Amino acid sequence: MIYVTGDTHGLEDAYKLHIFAGEHPKLTRNDYVIIAGDFGAIWSERTLAENLRYYTELPFTVLFVDGNHENFDLINSYPVEIWNGGKVHRIRPNVLHLMRGQIFEIEGKTIFTFGGATSIDRHYRVEGRSWWPQELPSFEELDEGLANLKKYGNKVDYIITHACGQRALAYPKLRAQAGIKIECPECQLLSNFEDVVEFKHWYFGHFHIDLRLSDKYTVLMHKIVKLGEHGE
C-alpha cells in the first residue's frame with residue numbers, strides 16, 4: 001500500500017504517523033507513507049539520532065520529498081543511490097529522501113517528485129543554521145525533471161511536491177483558507193509540469209491545511225490518504 005500525507009516538521013507533527021501505524025497494524029516495510037515536504041527530522045547533528053529513531057520505529061517505509069524547512073547541507077551529505085528508478089538519499093533503511101525531478105515506479109504506479117519551496121520567514125532565520133538557500137529549486141533540477149518526464153512520454157500516475165503550481169494556487173478554496181504566499185517563484189517553476197504532464201492526481205503540502213481542491217489536486221497536512229484517493 002502507498003499513502004501520502006503532509007508536513008511532519010521533525011517530531012512536531014509526526015505523531016500522526018504513529019497513530020496511523022496503530023490503526024493499521026498489518027502494515028510492513030513493504031508499505032509506504034510519502035511525506036509531501038517539510039520532513040524536518042534532518043535538522044541538526046545534535047537532534048538527528050533522536051529524530052530519526054522516531055521514524056525508524058515505524059513499521060512501514062517512510063519516503064519524503066524535501067520542503068523548505070530542511071537542513072539541505074545535512075541531507076546532501078548522504079550518498080545518492082538509485083531506488084525504484086529514481087535518485088534517493090537513503091537516510092535509514094526505512095527512511096528515504098525522494099530527490100527532485102525523479103520518477104519512481106512503486107507497486108506498478110509511476111510517481112514524479114519535486115521538492116522545495118520558499119521560506120517566507122527566512123529573514124528571521126540564520127543561513128546555514130535555520131535556513132538554506134537550496135530550499136528553492138534550481139533550473140538544473142527543472143531540466144532534469146523535464147528530461148525524466150520526457151522518457152515517460154510526459155505521462156505519470158501521480159505527482160508529489162511540497163509547493164504547487166500556479167494553477168493549483170489559483171483555486172479560491174486554497175487562497176481563502178491558506179492565503180497566498182508573498183513570494184512563490186517555485187509555484188511558477190512547478191507550472192512547467194502542469195503545462196506538459198498528463199497525470200491522475202497531484203498531492204502537495206506546505207500550506208498546513210487538508211483540502212481537496214479538485215479531481216486533480218489535493219493539499220495535505222494532517223490527513224494520511226491512500227494514493228489515488230483525494231481526501232475530503
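## A tour from an aromatic cluster to a mixed sheet

Start by selecting Phe 39, Tyr 54, Tyr 55 and Phe 64, which ring pairs link into a cluster. Rings of Phe, Tyr and Trp (its six-membered ring) pair if their centres lie within 6.5 Å; planes under 30 degrees apart count as stacked, over 60 as edge-to-face and the rest as tilted. You are looking at a predicted model, in which local features need pLDDT of at least 70 and side-chain atom pairs count only at pLDDT 80 or more, while totals for chains, interfaces and linings use all residues. Residues are numbered from 1 along each chain as its sequence is written, and side-chain values use heavy atoms, with hydrogens and water left out.

The structure holds 16 aromatic pairs. One of them joins Tyr 54 and Tyr 55 edge-to-face, at 5.9 Å centre to centre with 70° between the planes. Is each of these two tyrosines buried or partly exposed? Tyr 54 counts as partly exposed because its relative accessibility is 23%, whereas Tyr 55, at 0%, counts as buried. Here buried means under 20% relative accessible area, exposed over 50%, and partly exposed in between (1.4 Å probe, protein chains only).

Next, select Lys 87 in strand S5 (residues 86-92). At 30% relative accessibility, Lys 87 counts as partly exposed. Show the side chain of Glu 144 too: a polar contact of 3.0 Å joins it to that of Lys 87. Such a contact is a pair of N or O atoms within 3.5 Å; within protein, one must be able to donate a hydrogen and the other to accept it, and residues adjacent in sequence count only if both atoms are side-chain atoms. Leaving aside residues up to four places away in sequence, Lys 87 also touches others, including His 97, Met 99 and Phe 104 (contact means heavy atoms within 4.5 Å).

Now switch to cartoon view. Six strands form an open sheet with mixed pairing, in the order S7-S8-S9-S10-S12-S11. Helices (H or I, at least four residues) and strands (E, at least two) are DSSP runs, numbered from the N terminus, and two strands pair if DSSP finds at least two bridges between them. At the edges, S7 (102-106) and S11 (211-212) each pair on one side only. Further in, S9 (residues 158-161) and S10 (residues 201-204) run parallel, joined by four bridges. Pick Ile 160 there, and its bridge partner in S10 is Tyr 203.
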